[in-house]
Amino acid sequence: PPLLRKGVRPGPRNEPPVVHLACSAGGHLDLMLRLRGVFADRRVVWVTQHSARAKALRRAEAEVHILGEYSRSLLRQSRAQAVLSALRMIWYSARLVARDRPGLVVTTGSGITVPFCLLARMTGARVVFVETAARVCGPSNSGRVLSRIAHRVIVQWEGMCSVYRDAVLARSSVVEGLSPQRADRGEGTFVGVGTHTQPFDRLLRVVDRAATAGTLAGPLVVQTGPSAQPVHGADLSTVLAPETMSEHVRSARYVVCHAGTGTIATALRAGRRPLVLPRLERHGEHYDDHQQQIVDKLAALDLVVRLDGEITVDDLTRADRPLQVPSELEVLPRLADCLREQVRQLAAAP
């Protein structure tokens, strides 16, 4: 059958080589956007899911293919809907693979990309899997599959080298571009719960109590997501464009957020040490407790202030201290350089 023929569909002789960048929305797409410069000499095809960022890529005239929707909450609610969703993703993936015959696929996960990567691998594509910085000492669900089919696996924390066999270690993307000095002191507080589909009212209650007590300085800008918890005296927005969020982070004195690596990295690049409360599965805030892992790691490196309850004056004092890139991370190759080298090796291999 055409779908199972090996090789790559030839294009015009002067057409640059193609790379398919496969990722879900949120932090996975944020990471891929930071890595796309590696492929400046290639034609880039994005394979992702519906999101505001995917729409922005299309408006910028990028080639974007949507694989459909994927929701873990949907999987918990209805088995029939879960099966239908999975079949739809497989169908979309099969059509795209049959049409494009990918030669190189780079993926950061998550689940929505697995059928596409599997089918592309079956037709002869070379696959590179980059695990996100959110995984410190345990595999992601998609990583359990993708690490087995990928020609190269890149991880961002030393503990992951024992999780994925033959993984290559790179410097974490969270600390890329970390700014030791603030451009200015800033004023007020920015609060972000990220783009996750589950609410994070627990964080907003902590912020509301600190704002009411006068511990957190205003003005207070809060990105709430689907959370319903009101915050005293705050300017509330359900979602914010990435550029708008970055501007709020740069202008704020303090950043309070969930343990999403994209939000944390934005704060660190702006010279802010964020105050971070991880989402936890037992509170219905996430599907597992991997955010606890990243908070423990970054707190040990003195890059975040870990919140366990109320926001205190001592927490704010710690957040105000200058940042410094940990020496143990400085010696590792940059993630983009590591990816570029792995792709070069794959291209040179028979």
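In the predicted model, strands β6 and β7 (residues 168–169) are joined by 2 bridges and pair in the parallel sense. Across this pair, Ile 154 faces Val 168 of β7, and Val 155 has Leu 169 of β7 as its bridge partner. The loop between β6 and β7 contains Asp 166. The phi angle of Asp 166 is near 60°, a positive value in a residue other than glycine.

Strand β6 (residues 152–155) is also paired with β5 (residues 126–130); these two strands run parallel and are connected by 3 bridges. Here Phe 129 has Val 153 of β6 as its bridge partner. Together with helix α6 (residues 141–149), β5 and β6 make up a β-α-β unit, and this unit is right-handed.

These strands belong to an open sheet of 7 strands with parallel pairing, in which the order is β3-β2-β1-β4-β5-β6-β7. Strands β3 (63–66) and β7 are the edge strands, each pairing on one side only. In general, the strands of a sheet pair through backbone hydrogen bonds, in either a parallel or an antiparallel arrangement.

Two helices that lie across strands of this sheet can be described. Helix α4 (residues 79–100) lies across β1 (18–23), β2 (43–48) and β3, and runs at about 145° to β3. Helix α5 (residues 114–122) lies across β1, β2, β4 (104–109) and β5, with an angle of about 155° to β4. The loop between β4 and α5 holds Ser 110. The peptide bond from Gly 109 to Ser 110 is cis, and its omega is near 0°.

A further open sheet is formed by 6 strands, again with parallel pairing, in the order β10-β9-β8-β11-β12-β13. Strands β10 (234–237) and β13 (305–306) each have a single partner strand and stand at the edges, so one side of each has no neighbour in the sheet. Strand β9 (residues 220–223) runs parallel to β10, and 4 bridges join the two. Within this pairing, Leu 220 is placed opposite Ala 234 of β10.

The loop between α7 and β9 includes Pro 219. The bond joining Gly 218 and Pro 219 is a cis peptide bond, with omega at about 0°.

The packing of helices α8 and α9 was also examined. The axes of α8 (residues 242–251) and α9 (residues 261–269) come within 9 Å of each other and cross at roughly 45°. Helix α8 is therefore oblique to α9. The crossing of these two helices is right-handed. On the α8 side, the contact is made by Met 245, Ser 246 and Val 249, and on the α9 side by Thr 263, Thr 266 and Ala 267. Sorted by class, the residues in the contact of α8 with α9 are 3 nonpolar and 3 polar, with no charged residues.

Terms used:
Residues numbered from 1 in each chain as written. Predicted model: local features only at pLDDT ≥ 70, side-chain atom pairs only at ≥ 80, totals over all residues. Heavy atoms only, no water. Axes fitted to C-alpha atoms, helices over the stretch in contact; angles between N-to-C directions. Parallel < 35°, antiparallel > 145°, perpendicular 65-115°, else oblique. Left-handed = near helix turned anticlockwise from the far one by under 90°. Contact = heavy atoms within 4.5 Å. Nonpolar A, V, L, I, M, F, W, Y, C, P; charged D, E, K, R; others polar. Pairing = 2+ DSSP bridges. Right-handed = clockwise from strand over helix to strand, strands pointing away.
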